[in-house]
2 protein chains.
Amino acid sequence: MKDNDAPAGVLIAAETARRFAADAFVKAGLPATDAGRVAELMIEADLAGAAAHGIFRLAQYVHRLKLGAINPNPAIKVDKTAAGTAIVDGDNGMGHLVVARAAETAIEQARSAGVAWVGVHNSNHAGAAGTYAALVAEQGMVGLYSAVASANHMGVWGGSEPLLGTNPLAIAIPGGEHPVVLDIATSIVSYGTIKNHRLQGRPLPNDWMVGTRDGAPITDPARSGEGLLLPVGGYKGAGLALMLGLLAGSLNRAPFGRDVVDFNAHPEQVCDTGQFIVALDVARFRPLQEFTAAIDITLDDFRGSSRLPGHDEIRLPGDQRHRRRQAQMRDGLSLSPELADQLDVLAKELGIEMLRARTGA
Amino acid sequence: MKDNDAPAGVLIAAETARRFAADAFVKAGLPATDAGRVAELMIEADLAGAAAHGIFRLAQYVHRLKLGAINPNPAIKVDKTAAGTAIVDGDNGMGHLVVARAAETAIEQARSAGVAWVGVHNSNHAGAAGTYAALVAEQGMVGLYSAVASANHMGVWGGSEPLLGTNPLAIAIPGGEHPVVLDIATSIVSYGTIKNHRLQGRPLPNDWMVGTRDGAPITDPARSGEGLLLPVGGYKGAGLALMLGLLAGSLNRAPFGRDVVDFNAHPEQVCDTGQFIVALDVARFRPLQEFTAAIDITLDDFRGSSRLPGHDEIRLPGDQRHRRRQAQMRDGLSLSPELADQLDVLAKELGIEMLRARTGA
């Protein structure tokens, strides 16, 4: 955790956080096994450093479950439409469960077909994209994952309306030391980063947002509600977000564009989120061990190469994730005091033991 | 063609340009059928507006063929390793032929398996990435394509060495009016754009390149040799270029990183280029007509949505490509006078009729 100007965090053992989240989901109506699985996948996001998609989301998910916007007892259906393709109907269940099922299906199909592409509809926000790509990589396969984001904060290129989400792309490749995981939004920064700047009153760099009325950069975080997030690489990132939306949404008969439900603004509404996951079996190209050994040599060469002035390290996909995971498995998750307070309120509301009152497992 | 400050171009019918290129390839040793196919795929890049990958490259390819760096009579081998996977050994043939074979293989396999991922090695520069993704889309399938670029002009994130190419990503999705095609390099601009600015003495915006020695922006185009291209979205684009390199290169036992041959600096060397192409059959998810009708509605909604001040149109992937293609099929390819002169020199060298002497077909 190199973010030295972050507020001092509350350290909670990952297993304690996982049990807390599982208890909360049981109180919100999920069967115990499902609650445990969702909690596990959610805490994976925290461990990987994608905290905005981890336990930070727990209160929101519970709220949506209580409002009946998410089905706590879904009958998830898997329709294998060819040797390498399937459509998963999530029956409006928790996105984590639905996408995990899609990932398992993709892995199973790729074992025989070499590759599989599984589309998902009637799903929900599933947390961190990298989690699901990494699930595939653990099986010696390349994982690709994308989703229609659960709110639109970007415009099409040249447009002033919020028609695109910051649709993420995650790719995970098995490595010898640890998987190589890329998990990026198609915007320059996430909306969560903007919210953090607003909370702290810090100005925004001028390439993060533009105002919908004048098209000029927004640097005052108090004005962020008037703006759109800018995509990476201008029209390139906007184009990539659009293509991913067509593939994760339209191809699966799930909403994309103007039909996307903003799950923050409308917590009571059903989202019908679309996602897709791809599994590619490395062994159909090279023996897995040979491949992972080869890429470790390449990546170690990269890590040890000359640095630009002002950079104290070479940053490769998955390296930070691996370090954060190791550190937090050892030291515990670092939660902000505000988040810990929010989780206490949730615990009281649900009648479960408060997080900070629990001993580390 | 909206680029009003471009020099007045020489207009050549696409079919004339194709025949000229085919004649040149025959003189360089390719069998007539192969020469015609390569010429066709090359001119497709010009038609789509990716001129830096079109007939502009002809002299370079001919030069490499004459030096023996490319095999004019390859025995391309296709090894289907599973229902949905194959490895194509290009036998050092022209990249266009090798990748077109890979695309045909992917399409054929995806017809039965629903999806196919075909890796390529022992290949060469194949021109515009979008060409191959679009070949797949013509068959009612989603096409994805990437390649290890044929020279390294980017660094890993934080690094000062040219270890990454601007590895492209192309995605093509069948549409009702025309396919939706995204074709992007992972750098903010291509090296060709930098070269053009150098030729014209125009300063570079400060987010295009950094100097390897001081890490500071390079704006003087005369100094471009001292710099690295910057990736889209900082670490995100550098990460994406790296992942694509592992998938197009390392997974296929093709060079990636320090082992990549710079085909500009070393025209006599064999490149062993790695590429991959994916085909996904839309019909395994939704009936094709239903899908294309649905996305046409979505994209028309986007096109007609409110614009940001300073933008006179909404720019969606594939729209510009479609307009350019229609205009150039009607009016002819617009070649710069310098390129037309260069092609005249090539014609004399090869003893074929000069391009401007030919009547339009």
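A residue is termed buried if 20 or more other C-beta atoms lie within 10 Å of its own, exposed if 12 or fewer do, and partly exposed in between, with C-beta atoms placed from the backbone. By this criterion A:R258 is partly exposed, because 13 other C-beta atoms lie within 10 Å. The model is predicted; local features require pLDDT of at least 70 and side-chain atom pairs count only at pLDDT 80 or more, whereas totals for chains, interfaces and linings use all residues. Residues are numbered from 1 along each chain as its sequence is written, and chains are lettered from A and ligands numbered from 1 in the order in which they are written.

A:R258 lies in the loop between α7 (235–248) and β10 (273–281) of chain A, where helices (H or I, at least four residues) and strands (E, at least two) are DSSP runs numbered from the N terminus. Two residues are taken to be in contact if their C-beta atoms, placed from the backbone, lie within 7 Å. Apart from neighbours within four places in sequence, A:R258 contacts A:L163 and B:D301. From A:A17, A:R258 is separated by 241 residues in sequence and by 36 Å in space, C-alpha to C-alpha.

Chain A comprises domain 1 (1–66 + 331–361) and domain 2 (74–187 + 231–303), with bounds from an automatic or database domain assignment. The contact between them involves 14 residues of domain 1 of chain A and 10 residues of domain 2 of chain A. On the side of domain 1, α2 (32–48) and α3 (58–66) of chain A are the elements that give two or more residues, and α2(A) gives the most, with 8 residues.

Between the chains, 70 residues of chain B are in contact with 70 residues of chain A. On the side of chain B that touches chain A, the largest share, 9 residues, comes from α7(B). This side of chain B has 39 nonpolar, 20 polar and 11 charged residues, where Ala, Val, Leu, Ile, Met, Phe, Trp, Tyr, Cys and Pro count as nonpolar, Asp, Glu, Lys and Arg as charged, and the others, Gly among them, as polar.

Within chain B, B:V99, B:A100, B:A103, B:A106 and B:I107 of α4(B) meet B:Y132, B:L135 and B:V136 of α5(B). The residues of this contact of α4(B) with α5(B) divide into 8 nonpolar, no polar and no charged.
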